[in-house]
Amino acid sequence: MLHPIPGHGPAGTGGPWRIAVASDHRGQHVKGRVIERVRELGHTAEDFGPGDEKSVDYPDFAARVAEAVGSGNFDRGILICGSGLGMCIVANKFPGVRAVPCHDDLSAEVSRLHNDANVLCLSADLLGERLIDRMLELWLSTGFEGGRHARRLEKIAALERRVAGK
């Protein structure tokens, strides 16, 4: 198992997961590799678009994945754009979505251990294939640690409900 944080391991991996995957035009070339790797790791991956490298607006594709994850129709999501940041901003507008832009092993693993992240946002421009493969493996195999982190996530959920007027 790959776990670079001293003293930490997976807190229960679960799965296999149903994973919604989308990109913008800049992430299209990485998306196919991500879907292939997710499937190699034993999960189901569904391509939410786009189908080619023609210029598109990333909010449209981020919203598709975030809605699928937030509604519970998919367990997790992966979004890929030039930086990973625009997609992340859009995804976090949806209730129940905890999207994170990860850029290394540590951020991928901690996003699961401490934040129970359910949408991974990746940069097509800044990350190499080998690093993306490792981050996917960590992100998909690391469970949520719970404990004090669960209390914090409940506070986030309460804020979501308050902002939504529920």
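Colleague: In what order do the elements of the chain run from the N terminus on?
Modeller: The order is β-α-β-α-β-α-β-α-β-α-α. That comes to six helices and five strands. Helices and strands are DSSP runs, numbered from the N terminus (helices H or I, at least four residues; strands E, at least two).

Colleague: What should I keep in mind about the model?
Modeller: This is a predicted model, where local features need pLDDT of at least 70 and side-chain atom pairs count only at pLDDT 80 or more, while totals for chains, interfaces and linings use all residues. Residues are numbered from 1 along each chain as its sequence is written, and side-chain values use heavy atoms, with hydrogens and water left out.

Colleague: How many of the contacts with a separation of 6 or more join residues 24 or more positions apart?
Modeller: The share is 72%. Contact means heavy atoms within 4.5 Å.

Colleague: Why is His149 called buried?
Modeller: Buried means under 20% relative accessible area, exposed over 50%, and partly exposed in between (1.4 Å probe, protein chains only). His149 has 4% relative accessibility, so it counts as buried. His149 sits in helix H6, residues 148–164. Leaving aside neighbours within four places in sequence, His149 is in contact with Leu113, His114 and Phe144. His149 and His114 are 35 residues apart in sequence, yet 5.6 Å apart in space, C-alpha to C-alpha.

Colleague: Why does Ala63 fall in its class?
Modeller: Its relative accessible area is 22%, so Ala63 is partly exposed. Ala63 belongs to helix H2, residues 58–70. Beyond neighbours within four places in sequence, Ala63 is in contact with Val90 and Phe94.

Colleague: Why does Arg18 count as partly exposed?
Modeller: The value for Arg18 is 38% relative accessibility, so partly exposed is the class. Arg18 lies in strand S1. Not counting residues up to four places away in sequence, Arg18 touches Thr44, Glu46, Asn73, Phe74, Asp75 and Arg76.

Colleague: And Gly51: why is that residue exposed?
Modeller: Gly51 reaches 77% relative accessibility, so it counts as exposed. Gly51 is in the loop between S2 and H2. Its C-alpha is 9.0 Å from that of His25, 26 residues apart in sequence.

Colleague: What else does that loop hold?
Modeller: Pro50 lies in the loop between strand S2 (44–47) and H2. The peptide bond from Gly49 to Pro50 is cis, with omega near -5°.

Colleague: What is the phi of Asp116?
Modeller: Asp116 has a positive phi of about 45°, although it is not a glycine. Asp116 is found in the loop between helix H4 (105–113) and S5.

Colleague: How much of the chain counts as buried?
Modeller: The figure is 45% of the 166 residues. In soluble globular proteins, nonpolar side chains tend to be buried together.

Colleague: What makes a set of residues a nonpolar core?
Modeller: The members are buried Ala, Val, Leu, Ile, Met, Phe, Trp, Tyr and Cys residues, joined through side-chain atoms within 4.5 Å. The largest here has 23 residues, and Val21, Val34, Val38, Ile78, Ile80 and Leu122 touch the most other members.

Colleague: Which elements give two or more residues to this core?
Modeller: They are strand S1 (18–23), helix H1 (28–40), strand S3 (76–81), strand S5 (119–123) and helix H5 (129–141). H5 gives the most, with five residues. Apart from this core lies another, of 20 residues, among them Phe61, Cys81, Met87 and Cys121.

Colleague: What does Val38 touch?
Modeller: Its contacts are Ile19, His43, Thr44, Ala45, Ile78, Leu136 and Leu140, not counting residues up to four places away in sequence.

Colleague: How far apart are the mean positions of the positive and negative charges?
Modeller: The 21 positive and 22 negative charges have mean positions 7 Å apart. Lys and Arg count as positive and Asp and Glu as negative; His and the chain ends are not counted. Each charge is placed at NZ of Lys, CZ of Arg, CG of Asp or CD of Glu.
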